[in-house]
Amino acid sequence: MAWHTIEPASKIRLGEVLPFTVAGKRLAVGRTERGYFAMDDWCPHQGGSLGEGTIEDECVLCPIHAYGYHTLTGEGVDDGEQVEVYPVELDGDVLRIRIEEDLE
Ligand code: FES
């Protein structure tokens, strides 16, 4: 495991989700009233970019067919699929994301 940073964290506004590449992974990183979250930027339905989606009721809605994935658990509310979510910590205006490194 290693921590990776996005800064300034405040470039992600409340209610916004954006795509980032962190440690070679495409992530959807966003911010709700509960705080920041990070999940895979890939919708299990047909591969939409969740980082280009919207947030509604603590879920990221895919921009392609609007399937929702919970920001805390990654659970798909429409299709029962699962998106991986990553632990995050906020340190001032620095967002740290913990990602398991590929050992290949
Ligand atoms: S590709 Fe995401 S809902 Fe269809």
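Guide: Start with a term. Two strands pair if DSSP finds at least two bridges between them. Strands themselves are DSSP runs of at least two E residues, numbered from the N terminus. Keep in mind that this is a predicted model.

Now apply the term. V29 stands opposite A38 in β4. G30 stands opposite F37, again in β4. Both pairs belong to the contact of β3 with β4, so to speak of pairing here, recall that at least two bridges are needed. β3 and β4 (residues 35-40) have 6 bridges, and they run in the antiparallel sense. A hairpin of 2 residues links β3 to β4.

Turn to the other partner of β3. Strand β2 covers residues 17-22, and β3 covers residues 25-32. These strands also pair in the antiparallel sense, over 6 bridges. Take P19 as an example: its bridge partner in β3 is A28. The hairpin of β2 and β3 has 2 residues between the strands. Look at A23 in that hairpin. A23 takes a positive phi near 55°.

The open sheet has 4 strands, in the order β2-β3-β4-β8. The pairing is antiparallel. β2 and β8 (85-86) stand at the edges. Each has a single partner strand, so one side of each is left without a neighbour in the sheet.

Strands of a sheet pair through backbone hydrogen bonds, either parallel or antiparallel. In a regular strand the side chains alternate between the two faces of the sheet.

Now step back to the whole chain. The protein chain has 0 helices and 10 strands. From the N terminus on, the order of elements is β-β-β-β-β-β-β-β-β-β. The radius of gyration is 13 Å, close to the 13 Å that the globule rule gives for 104 residues, so the chain is as compact as a globular protein of that length. Along its principal axes, the C-alpha trace spans about 35 × 35 × 20 Å.

Two last values describe the packing. Of the 104 residues, 25% count as buried. Among contacts with a separation of 6 or more, 42% come from residues 24 or more positions apart.

Terms used:
Residues numbered from 1 in each chain as written. Predicted model: local features only at pLDDT ≥ 70, side-chain atom pairs only at ≥ 80, totals over all residues. Rg over C-alpha atoms; globule rule 2.2 N^0.38 Å. Buried ≥ 20, exposed ≤ 12 C-beta atoms within 10 Å, placed from the backbone. Contact = placed C-beta atoms within 7 Å.
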